[in-house]
Amino acid sequence: MRLTSELASGYEEIDGQHRVMLDRMEALARAAQADDLAQAKEMLSALGDYLVSHFQAEESMMAETAYPERGRHKSAHDLFMQDFAQLGQELSGQGLSPPILAWIGTRLPEWLKFHIQVNDLPLGRYLASRHFRPAAAPRVDKPRAS
Ligand SMILES: [Fe+2]
């Protein structure tokens, strides 16, 4: 899954983080398709770590700019992380079973795509329109313009 134009907000702080997030999701899906349980667990944990820092970055930008939809947006993150934690537990308990493969291959990418389109694109546009520069967001690996 790539950050195609339908998933790009034009606000690079968020779009750059989404690229990393989608790359990690792909790495997880590849490990699952290869039936490599150890690698799938490692990739799930790498994705989970990134999601936590990415969601925190969005939430702090929403708080700093008093974004009107921040309560609803944070609730979406919280609900997703509960679901994601359950995926981790079930992966540990049952391994790469057909329901887990469907979860990783379909439900997870669908949620991320839906969330980006419904919640993150409006947020990115709002931040871009305010020319907001985050103070504490994690750096995105990108060469600086000199
Ligand atoms: Fe978000």
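The exercises below work through the helix packing and the iron site of this predicted model.

**Exercise 1. Work out how helices α1 and α2 are oriented relative to each other, and which classes of residue make up their contact.**

Step 1. Helix α1 spans residues 12–33 and helix α2 spans residues 37–64, and the two pack at an angle of about 160° with their axes 9 Å apart.

Step 2. Since angles over 145 degrees count as roughly antiparallel, α1 and α2 are therefore roughly antiparallel to each other.

Step 3. In its crossing, α1 passes α2 in the left-handed sense; the residues in contact include I14, M21 and L28 of α1, together with M43, L47 and E58 of α2.

Step 4. Sorted by class, this contact of α1 with α2 has 17 nonpolar, four polar and two charged residues.

**Exercise 2. Carry out the analysis for α2 with α3, and then for α3 with α4.**

Step 1. For α2 and α3 the packing angle is about 170° and the axes lie 11 Å apart, and the pair is therefore roughly antiparallel.

Step 2. The crossing of α2 past α3 is left-handed, and the contact comprises 14 nonpolar, five polar and five charged residues.

Step 3. Helix α3 (residues 70–94) and helix α4 (residues 98–129) pack at an angle of about 165°, their axes being 12 Å apart, and these two helices are therefore roughly antiparallel as well.

Step 4. The contact of α3 with α4 draws on residues among which are H73, H77 and F84 of α3 and W103, H115 and D120 of α4, and by class it divides into 13 nonpolar, six polar and four charged residues.

**Exercise 3. Identify the protein donors of the iron ion, and explain which parts of the chain the pair H77 and D120 ties together.**

Step 1. The donors from the protein are E58 through OE, H73, H77 and H115 each through NE2, and D120 through OD, at 2.0 to 2.3 Å from the iron ion.

Step 2. Read along the chain, these donors follow the spacing E-x14-H-x3-H-x37-H-x4-D.

Step 3. H77 belongs to helix α3 and D120 to helix α4, so this pair ties together parts that are 43 residues apart in sequence.

**Exercise 4. Describe the secondary structure over the stretch that UniProt annotates as a domain.**

Step 1. The unreviewed UniProt entry carries the annotation "domain: Hemerythrin-like" over residues 10–118.

Step 2. Over residues 10–118, the chain is 88% helix and 0% strand, while the C-alpha atoms at the ends are 15 Å apart.

Conventions. Residues are numbered from 1 along each chain as its sequence is written. This is a predicted model: local features need pLDDT of at least 70, side-chain atom pairs count only at pLDDT 80 or more; totals for chains, interfaces and linings use all residues. Side-chain values use heavy atoms; hydrogens and water are left out. Axes are lines fitted to C-alpha atoms, for helices over the stretch in contact, and angles run from 0 to 180 degrees between N-to-C directions. Helices (H or I, at least four residues) and strands (E, at least two) are DSSP runs, numbered from the N terminus. Angles under 35 degrees count as roughly parallel, over 145 as roughly antiparallel, 65 to 115 as roughly perpendicular and the rest as oblique. Contact means heavy atoms within 4.5 Å. Ala, Val, Leu, Ile, Met, Phe, Trp, Tyr, Cys and Pro count as nonpolar, Asp, Glu, Lys and Arg as charged, and the others, Gly among them, as polar. UniProt positions are given in the numbering used here, feature names are shortened, and annotations may be inferred rather than shown by experiment. Donors are N, O and S atoms within 2.8 Å of the metal (3.2 Å for Na, K and Ca); water is not among the atoms, so sites may look incomplete. A crossing is left-handed if the near helix is turned anticlockwise from the far one by less than a right angle, and right-handed if clockwise.
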